[in-house]
Protein chains: 2
Amino acid sequence: MFLWCEPPPGLCHGSPLLLLIPFTISGGLLSAPPTSKYFSVQCSPRVQYRITPPPLESGTLPTSLNGNTMLLITMDTASEVGNDSKLSVMYYGEKTEVLGKAVVHLTAVEISLDVDADRDGQVERNNPNKGSWMWGPNGHGAILLVNCDSEHTYGKRRDSECAEVTRVSDLKDMSPMVLRTSGPAKLPEGYKLTMHISQGDAESVRVFRTRSTAENLLYKSFVKDYPLVLGSEDLSKEVPYLGGNAEMNFYVEGLRFPDKDFEGLISISLSLLEPSSPGFPETPIFTDRVVFRVAPWIMTPNTLNPVEVFVCSTSDNYQFLKGMRRLVENSGYKLKVCHEYMNRGDRWMQDEIEFGYIDSPHQRFPVVLDSPRDGELQDFPYDVLLGPDFGYVTRTAYNVEVSSLDSFGNLEVSPPVIVNGKIYPLGRIIIGVAFPTATKGRNMTKVVQDFLWAQKVQEPIALFSDWLLVGHVDEFMTFVPAPDKKGFRLLLASPDAGYKLFRGLQNDGHGQAKMFDGLEEEEITVDEILSDDKLRAENNYVQSCIDWNRDVLKRELGLDDDDIIDLPILFHVMEENRAVAYYPDMVNMIVLGKNLGIPKPFGPKVDGRCALEAEMTSLMEGLGLCCTYIDDFASYHKLLGEVHCGSNVRREPFSFKWWNLEM
Amino acid sequence: MFLWCEPPPGLCHGSPLLLLIPFTISGGLLSAPPTSKYFSVQCSPRVQYRITPPPLESGTLPTSLNGNTMLLITMDTASEVGNDSKLSVMYYGEKTEVLGKAVVHLTAVEISLDVDADRDGQVERNNPNKGSWMWGPNGHGAILLVNCDSEHTYGKRRDSECAEVTRVSDLKDMSPMVLRTSGPAKLPEGYKLTMHISQGDAESVRVFRTRSTAENLLYKSFVKDYPLVLGSEDLSKEVPYLGGNAEMNFYVEGLRFPDKDFEGLISISLSLLEPSSPGFPETPIFTDRVVFRVAPWIMTPNTLNPVEVFVCSTSDNYQFLKGMRRLVENSGYKLKVCHEYMNRGDRWMQDEIEFGYIDSPHQRFPVVLDSPRDGELQDFPYDVLLGPDFGYVTRTAYNVEVSSLDSFGNLEVSPPVIVNGKIYPLGRIIIGVAFPTATKGRNMTKVVQDFLWAQKVQEPIALFSDWLLVGHVDEFMTFVPAPDKKGFRLLLASPDAGYKLFRGLQNDGHGQAKMFDGLEEEEITVDEILSDDKLRAENNYVQSCIDWNRDVLKRELGLDDDDIIDLPILFHVMEENRAVAYYPDMVNMIVLGKNLGIPKPFGPKVDGRCALEAEMTSLMEGLGLCCTYIDDFASYHKLLGEVHCGSNVRREPFSFKWWNLEM
């Protein structure tokens, strides 16, 4: 409720519900005659007043007057016409003789800038917490999406790149905000309403409003019907006062994700400006403020249900595609093939993109993070994926060499975990970097790391993947769902488990069983592998690298040894002491619910059955998981990748809402 | 405690106190003969072991062996010589016949990287919380100072600009860190200790160490005695293992203050590297980590005791200097005069610098923040103030026009306050910016604002000072100590209070009393002032600007009207509707304990006494404060500044420690 009086008082301040105009009785607006000793007050029914300091002679009239006496005036409902209320003060002398009378005419208007601060999808009235943001189920504060999808499929740009509303459908990607006013038909001469943002927020937010007449919605000229109110060019703009009981709808559009230099919080203010003396600027006498947090980009772990599976078609991967199609369709999902005109021979679907999503109480859609890797697949995410309700975000590494560690096979996320009592209901992001003790090494580029850390809700973990020639965490680890314990298992590549299996085969008399049977690859026997001292030394080194990561994962995800399964996988070490898988790297799998698509390892056969597949199947069967082995040998493995590197899965979002996190 | 065995096991992990080497009994280091069914374990006295999963037939020997059996081995004290402990496993067949025996030789070494994580000024042993940072009296985590003073007085640079220890005295500005090791005389062949930091922290920290032999401290070649270990050029470096029970001292130097892109947290790690197979890199098998937070720059409010008062001497300010010297010396403090060869006529000592300090459990010193204003006084802070135990920090506004709002008369700090239950024991920083509703205006430059916000411990408040021609918050507000209520009062310039006073004079028959008596200024009577409608209109506008700030201050500092005193000050409005004080602006005072140095207002005289001084003295007397009026009319007021603008006070630091803040 805002109250004003004519002539304007010298001093005003207030809160959105109740606005006060205190002024001294002697001096200023309600000046008392110099010899006044007592006073009395009368006012209209909707006006309340309080005398401060409270008069000693409570109940008696008139009241003693001194230099400190203040009158605090409020009104409990808005005025229907201007100056419909008044307050008068009668002044008395020493002998209570009347010395004079002063009158102010009062008009009250209610102003509230409203948002969905309780996060139920509705813009409530004047939420007392709308001006601040608090995490958690008992938290508060509105949510803003980066408008990073495109309402258009052709000639498209991200909607956030256009300083206008591109289609009516674009409004649902923006946060609703309502200006509710109640008062007379017009504000008094010279008063006006102004909406404003700070310079710092201007690059992160835009505000549109709807024109007041409803029929405009039928027009096609959107720019006309949803004019831009605030943006980087307009930090402050007058907004119309509609009169009576009115609501004006605003639409707030987020422009950038949280990042190293942007926590994600944005304020929007609405002020009532009062005319000062003629020729001087107006000054704000009442300001209402709302706060939004920009929704973070959220990744989806293997334990969430798939929606779509993406692979590339190339001139040489027919066999692989056939295997993938069978697996994906049998699992009940749709296989999306990126054809060669788009992928230009780049088959590493995992490496160019990472699927995630953004979520708010009013809207949610998938968002693809485009890697700065920028291989031949680089146009795919923007040209194919970006579209209505499918967002796009990228980070560009300027003046920095991008390395293989910038591919998103090196960016994964764990299932939800609890670590020393701290709950991560959305899991934790996992990336690979150089060994911390290395004096030099490859790293994921800083702009991408900064982006990932700034999202906050899936606090990242850095593993050490630079020991691998390709250098991706998905070469030695993955997560699969499990019916027991923490709801998942961490699978780790393990040369020790590999040697144990091969030694077991030898001990059982299968030393002459051959690997790589039926491939255009030189076959090798179990005995030959076990007698290769150089290979053993290489795998000792690899095991020590994986062990370091195992320790980090146990500590940072709160895992026990029981939560980890070691898979029998050998590596060999190439130039610069960097490792690649010796045979198809079974941990580099695709996880589709209970179905696993695993690189066919072509291991030694015992009784006609691959011993590596047998071991893998046996380990997974105990978790109720079904293994399908996919031949990726020629078209992926020989090119230093496997099934996971060559595919990507868009998954359902978490049912857990990120704003309910306790931070 | 770290444990190793020869030959090295495949899998190690641990915590600093107790390191485990788990390995499967079947396969790997302690390989069991293929037909083993049972096993038993023997070990040296200092070795403990645990079988997992625990054997069912508890107490009976030998124990059943299966594929999952793991042996977890620990040692409770460090080894005195290499391989001084051992553990052996005996394997039995179906009928408990002995099939073989495996032995590992064990060496244990204790490694702890220690800091003052409990903040008592001493580096304790292996604090369990040393790897994280928590605010508050029950918090933990070590503290680092930006080494921004200079051990040298001549030819000086900030110590942080030199990648070496400049003097032994410089070590006390660094945080002590101790590497404590206990074990045999030498590490086994190929093992080594490495200290390392991340790329991201490298620009914020340097680590030196002391050479191990104590007599080196007598040398003068400091570079030799305190070699650089880590810095931007060296992210990782081997450090010597001393053998036996040893302590090696390190010194950690902070290089940059918290800022928009730097939260202030830094990690330093120490890893034990294990040789892998010959020809392969070593891999870390144990890492200890400590965390520091860089101490923020802290401002000191008027309620803290002064230490030194700074003013400029110019060709025309003899009268002012005389008044200041008497005030400062009578108050018991030392007046420091910056002479003309250094100030080059720039008298605005308040505007070029802001005094603050940095604090840690081991060291504390004042730090001057140098404004990007860079007037003729610009060399003073670096050339005169910077020195031993007197730090210097600045922020440079690149490619941005610096405005008058960047002067530090526009940067103040409140006394400690409690706002809606939230305690600010170090007060809140106050700056002035443009009106939020203004479509354009002057602002404090972004790099300085970012710096102030990033210090976190005195969360800033933005007031609106752009309505003033000079544009500084000290033109309309200050704080004075008070014996009651919140321990201080906020003083605000108030045209309304001014008009009330002048009207009172008129009513009492003093309408012909003259302002500016005895000055080379045109005199003006009370009646003339009161009959000037233009002046009244200007002051209405000024009052509305101050009222806005009054509301912000009440809300952000949790003040009541009783905590605020309105001072009778009139303004007039110049070009672009910007205001300057009409007569010397009494709120622009210097506060030295209970003594106030106030611009002599040259108000109308009643019975030979200045009515403005009388009112001011009466308002301050009630708080036990003593007013001294200093004539700054010609040399400051006419140049649009007053006493506060022309002086600066270095004050004692808070007794409250910033790390005890609850954040």
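A few ground rules come first. The model is predicted, so local features need pLDDT of at least 70 and side-chain atom pairs count only at pLDDT 80 or more, while totals for chains, interfaces and linings use all residues. Residues are numbered from 1 along each chain as its sequence is written, chains are lettered from A and ligands numbered from 1 in the order in which they are written, and side-chain values use heavy atoms, with hydrogens and water left out.

How do the two chains relate? Two copies of a chain are related by a rotation about an axis and a shift along it.

The contact between the chains (heavy atoms within 4.5 Å) draws 49 residues from chain A and 48 residues from chain B. Of the interface residues of chain A, 96% are also interface residues in chain B, so the copies meet through the same surface. About 3,800 Å² is buried between the two chains, and carbon and sulfur atoms give 58% of that; buried area is the accessible area (1.4 Å probe) that two parts lose on being put together, summed over both. On the chain A side, Phe280(A), Thr437(A) and Tyr541(A) lose the most area to chain B, together 14% of what that side buries.

Next come the nonpolar cores. A nonpolar core is a set of buried Ala, Val, Leu, Ile, Met, Phe, Trp, Tyr and Cys residues joined through side-chain atoms within 4.5 Å, where buried means under 20% relative accessible area, exposed over 50%, and partly exposed in between (1.4 Å probe, protein chains only). The largest core has 144 residues, of which Met177(A), Met195(A), Ile268(A) and Trp467(A) touch the most other members. Helix α9 (residues 533-557) of chain A supplies the largest share, 10 residues; helices (H or I, at least four residues) and strands (E, at least two) are DSSP runs, numbered from the N terminus. Domain 2 (115-294) and domain 3 (298-660) of chain A both contribute, so this core lies between them; the domain bounds come from an automatic or database assignment. Beyond four places in sequence, the contacts of Met177(A) include Met195(A), Ile268(A) and Phe292(A). Apart from this core lies another, of 143 residues, with Leu144(B) and Val205(B) among them.

Finally, the active site. The unreviewed UniProt entry places the feature "active site" at Asp351(A), His472(A), Asp474(A) and Cys645(A). Although these are spread over 295 residues of sequence, they cluster in space, with a largest C-alpha distance of 10.4 Å. UniProt positions follow the numbering used here, feature names are shortened, and annotations may be inferred rather than shown by experiment. Asp474(A) sits in the loop between β30 (461-464) and β31 (477-481), and is buried at 2% relative accessible area. Cys645(A), in the loop between β42 (626-630) and β43 (647-651), counts as buried too, at 5%. Among the residues that Asp474(A) touches are Glu412(A), His644(A) and Cys645(A), while Cys645(A) is in contact with residues including Asp351(A) and Asn588(A).
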